[in-house]
Amino acid sequence: MDWLTADFLAAELRQRREEGCPVADLEARLTQLQAQGAVPARALLQLWEEATARTPAPDFPYDEPSDLATIRERRPPGPRRLRGPVSDLEDRLYGAWLGRAAGCLLGKPVEGWSRDRIRKVLEHAGAYPLTDYFPWVDNPPPDADYRQRPRNWFRGFITHMVRDDDMDYPLIGLKVLETVGPDFTSQDIAQAWLTSLPYQLVYTAERVAYRNLVNGLEPPATATYRNPYREWIGAQIRADIWGWINPGWPERAAEMAYRDARVSHVKNGLYGAMFVAAMLSAAFVTRDPHEIVAIGLSEIPATSRLAEAVRQVVRWCAEDRDWQRTTDRILAAYGHYHWVHTINNAALIVMGFLYAEGELEPAITRTVMGGFDTDCTGATVGSLIGVLRGARGLPAKWVGPLNDRLESIVVGMTDNRFSDLARRTAVFARAALA
């Protein structure tokens, strides 16, 4: 039982509670055991087994299926395919890759930080609010010190897009498309992980699913077996490629994202991926951010916590043009989720996107300054703006330092040119349009 620790059990209890299961008694028992010292393995396993037997309470107000057929039954009406023209396809895909990279790199120095901690280091550097990449600070506040991060993540030292899992996954998706094609299965995604991604460089739900694959499980069991991170953000960060290759076809984009996500995620973990893929697909045809968000919502269950949170953020943005106050509301309403969860991070993405008015800088900076999983949220909103504006419409201040180069640990794709990736992605996008 080396896999089972008190922290791992606590994460599972928290996940069960968020899914609507009554586990307060189990959490209290764990707290009591921890107060007595090291918790015996047998006691941890007993609590784990009791937790996994719990089901959502009858009065839980959400209906959150994980099978595609029921997800589609619970989704609102939507334009499953848009018929408008798609112009400048390759340039917009180039912009998507670049925008994703710029937002990701912006968020890397403060990944996992709170908004207050981010603001403290920026004010100390005279750089609040953000208008550029994070500055290097020689004498930061003690509780806002990011000097342990590599210098090439910071303004003035950037030479290319450094390796990040948020950028590895679009490469994995492209690799699957080029080897298997658009009719790939969840097992094809899993096999690509095993052959192309080092185990120590995947995290949370993906690492658990990877371990399950090695131990002989297959999707979707890999997502649920001993995986307390199954509603976290990992599948959402893997979704972009499926939106990119389905311009104007949000239903197909969401379905591909589902096939990918079910290797490691359930419920809102699935919905986050489907929501993002559908938004990116829609952004090729409509430039109205509110319509794009609505189309994203049309591919996930209206009865889910994620859909409720997104609808709430849309209302807040409409009521108040102050992005800071809306960020306050998001943190107050959804800050109880772990900083790597899907729901709180998706809320910040929607906020940054709706207030940005189609511009990259306010989209990525306001989203990242909200905290949580900053490289992930910056990447997603940067990708959305990149699709809207194309590479030619992105500011040189943000994409110039990348020098058209992406570093990765994906086997066979360790050194890439964004322009080449856009060309290769366009092959599949054109096929979808045809």
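Colleague: Where does alanine 101 lie in this predicted model?

Modeller: In this predicted model, alanine 101 lies in helix H5, which covers residues 89-107.

Colleague: What makes alanine 101 count as buried?

Modeller: Its relative accessible area is 0%. Buried means under 20%. Therefore alanine 101 is buried.

Colleague: Which residues does alanine 101 touch, leaving out those up to four places away in sequence?

Modeller: Alanine 101 touches Met161, Met167, Leu402 and Phe418. Each of these has heavy atoms within 4.5 Å of alanine 101, because that is what contact means.

Colleague: How far apart are the C-alpha atoms of alanine 101 and alanine 190?

Modeller: They are separated by 24 Å. Along the chain, the two alanines are 89 residues apart.

Colleague: Are cysteine 104 and cysteine 21 buried or exposed?

Modeller: Cysteine 104 has a relative accessible area of 0%. Cysteine 21 has 5%. The limit for buried is under 20%, so cysteine 104 and cysteine 21 are both buried.

Colleague: On to charged side chains. Why can they pair?

Modeller: Side chains of opposite charge can pair when their charged atoms come close. This structure holds 39 salt bridges.

Colleague: Why is the meeting of arginine 163 and aspartate 168 called a salt bridge?

Modeller: The N to O distance between these side chains is 2.7 Å. The cut-off is within 4 Å. So the pair counts as a salt bridge. Both arginine 163 and aspartate 168 are buried.

Colleague: What makes arginine 259 and glutamate 255 a salt bridge?

Modeller: Their closest N and O atoms are 2.8 Å apart. The limit is within 4 Å, so arginine 259 and glutamate 255 qualify. They sit four residues apart in helix H12, residues 250-261. That is why about one helical turn separates them.

Colleague: How do you know that arginine 259 and glutamate 255 count as buried?

Modeller: Arginine 259 has 14% relative accessibility. Glutamate 255 has 18%. Buried means under 20%, so both residues count as buried.

Colleague: Why are aspartate 420 and arginine 423 called partly exposed?

Modeller: Aspartate 420 has a relative accessible area of 26%. Arginine 423 has 43%. Buried is under 20% and exposed is over 50%, with partly exposed in between. So aspartate 420 and arginine 423 are partly exposed. They form a salt bridge, with the closest N and O atoms 2.4 Å apart. In helix H21, residues 418-433, they are three residues apart, about one helical turn.

Colleague: Which residues do salt bridges with shared partners join into one network?

Modeller: Glu12, Arg16, Glu19, Arg230 and Lys267.

Colleague: Last, the helices. Why are H13 and H19 called roughly parallel?

Modeller: H13 (residues 267-283) and H19 (residues 374-389) pack at an angle of about 20°. Angles under 35 degrees count as roughly parallel. Therefore H13 and H19 are roughly parallel to each other. Their axes are 8 Å apart. H13 passes H19 in a right-handed crossing.

Colleague: Which residues make the contact between H13 and H19?

Modeller: From H13 come Val276, Met279, Leu280 and Ala283. From H19 come Thr380, Ser383, Leu384, Val387 and Leu388.

Note on methods. Residues are numbered from 1 along each chain as its sequence is written. This is a predicted model: local features need pLDDT of at least 70, side-chain atom pairs count only at pLDDT 80 or more; totals for chains, interfaces and linings use all residues. Side-chain values use heavy atoms; hydrogens and water are left out. Buried means under 20% relative accessible area, exposed over 50%, partly exposed in between (1.4 Å probe, protein chains only). Helices (H or I, at least four residues) and strands (E, at least two) are DSSP runs, numbered from the N terminus. Axes are lines fitted to C-alpha atoms, for helices over the stretch in contact, and angles run from 0 to 180 degrees between N-to-C directions. Angles under 35 degrees count as roughly parallel, over 145 as roughly antiparallel, 65 to 115 as roughly perpendicular and the rest as oblique. A crossing is left-handed if the near helix is turned anticlockwise from the far one by less than a right angle, and right-handed if clockwise.
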